Amino acid sequence: MSYVDVWRQLDWDDVRMSIYSKTATDVERALSRRKRDLEDFKALISPAAEPYLEQMAQQSAALTRQRFGRTIGFYVPLYLSNLCANSCTYCGFTMENKIKRRTLNLAEIERECDAIKAMNFDNVLLVTGEHERKVGMAYFRQCVPAIKRHFSYLSMEVQPLDQDDYAELKILGLDAVMVYQETYSAPTYAQHHLRGNKMDFEYRLETPDRLARAGIDKIGIGALIGLEEWRTDCFFVASHLDYLERTYWQSRYSISFPRLRPCTGGLEPKSVMNDRQLVQLICAYRLLNPEVELSMSTRESPHFRDNVLPLGITSMSAGSKTQPGGYADDEPELEQFAISDERAVADVAHSVKQHGFEVVWKDWHPAYSGVRSS
């Protein structure tokens, strides 16, 4: 069994209708409960919950402080390659874009690592385009151990791999994997993934199952907000998290909620989420699950990132460059997408401290495994 079996039992239109039929009474019931379920989550992300945003925010902030204290984990993406064999309508790396392609060699990776270490980071997310032949396991076998020598915690956001590959990468030093479904609507997914291995919706949907079975410490999931109706897509993310935590309790989980950002050859969002609605979603995830990590990238503006910190966020990127060689080179190539928070790392860290939080540069370490709850 995998989450695909759960997904097949959920009808998109039925879920959407259920969310939009929630009433103020449903929202109040969800807010009054100590432990919420997926039906409560529907109420909390519904239009009926928008007048209750202040109450949601207060409860979400309190739950986050109880579980995570006043800490914000910092991480940075390290783009290794913009090679891609997929055609995706929303990504600057799509094979349709006629850009100069680049894959970092070991010497260039060392330069990037040195530049990132100089900014104090000890938690790095490796990112590549999806190109199985040129940026696949043979490449990862070389670069993962080399990068791990520099950093305590190593995550990846690359093409989905087989379970044995993840098990091997774990031995080489991999700690976490982020794999975003983009959208949980199969017809919409097909509209935006036109060529390449990424067209395989169900193989991608089963990736967190393979990760958990391989013993990966942390698994990140999420939807690209804007490809489909956001409330329904985000319910499926919550459903996926619920399944994973019940089935593979040994792993930790994180959720990201990236809103569709401009990129070369990109498209307009099908569903626009405003700032208040993103706050509503963040609070709803926290009220559903006090344990899950909630991550925010530099896609969002400095003002929004600073002000949403107390409400549920536990980790954020800073100083991000979204192209290979972006940290050590003077003339980087095309970005994967446009970022919004362009502040220097020190400025972001200063702002976090000004808001009363402590910056944590290092994620969980195996030496601390004895304190993790099951």
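A charge sits over a ring if NZ of Lys or CZ of Arg is within 6 Å of the ring centre and within 35 degrees of the ring normal. The model is predicted: local features need pLDDT of at least 70, side-chain atom pairs count only at pLDDT 80 or more, and totals for chains, interfaces and linings use all residues. Residues are numbered from 1 along each chain as its sequence is written, and side-chain values use heavy atoms, with hydrogens and water left out.

**Exercise 1. Charges over rings**

Task: State which ring Arg 70 lies over, and at what distance from the ring centre. Do likewise for Arg 210.

Solution: 
- Step 1. The ring under Arg 70 is that of Phe 357, with 4.3 Å to the ring centre.
- Step 2. For Arg 210 the ring belongs to Tyr 203, and the distance to its centre is 3.8 Å.

**Exercise 2. An aromatic pair**

Task: Classify the pair of Tyr 184 and Phe 236, and state which parts of the chain the pair ties together.

Solution: 
- Step 1. A pair of aromatic rings is described by the distance of the centres and the angle of the planes.
- Step 2. Rings of Phe, Tyr and Trp (its six-membered ring) pair if their centres lie within 6.5 Å; planes under 30 degrees apart count as stacked, over 60 as edge-to-face and the rest as tilted. By this rule there are 13 aromatic pairs.
- Step 3. Helices (H or I, at least four residues) and strands (E, at least two) are DSSP runs, numbered from the N terminus. Tyr 184 is in the loop between strand E5 (176–178) and helix H9 (186–192), and Phe 236 is in helix H12 (residues 230–247), so the pair links parts that are 52 residues apart in sequence.
- Step 4. Buried means under 20% relative accessible area, exposed over 50%, partly exposed in between (1.4 Å probe, protein chains only). Tyr 184 is buried at 1%, and Phe 236 is buried at 1%.
- Step 5. Both rings belong to one aromatic cluster, formed by Tyr 3, Trp 12, Tyr 184, Phe 235, Phe 236, Tyr 243 and Tyr 248.

**Exercise 3. Helix H4 against helix H12**

Task: Describe how the axes of H4 and H12 cross, and list the residues that meet.

Solution: 
- Step 1. Axes are lines fitted to C-alpha atoms, for helices over the stretch in contact, and angles run from 0 to 180 degrees between N-to-C directions.
- Step 2. The axes of helix H4 (residues 38–45) and H12 come within 10 Å, with a crossing angle of roughly 150 degrees.
- Step 3. Angles under 35 degrees count as roughly parallel, over 145 as roughly antiparallel, 65 to 115 as roughly perpendicular and the rest as oblique. H4 and H12 are therefore roughly antiparallel.
- Step 4. Contact means heavy atoms within 4.5 Å. From H4, Leu 38, Phe 41, Lys 42 and Ile 45 meet Trp 230, Arg 231, Cys 234, Phe 235, Ala 238, Ser 239 and Asp 242 of H12.
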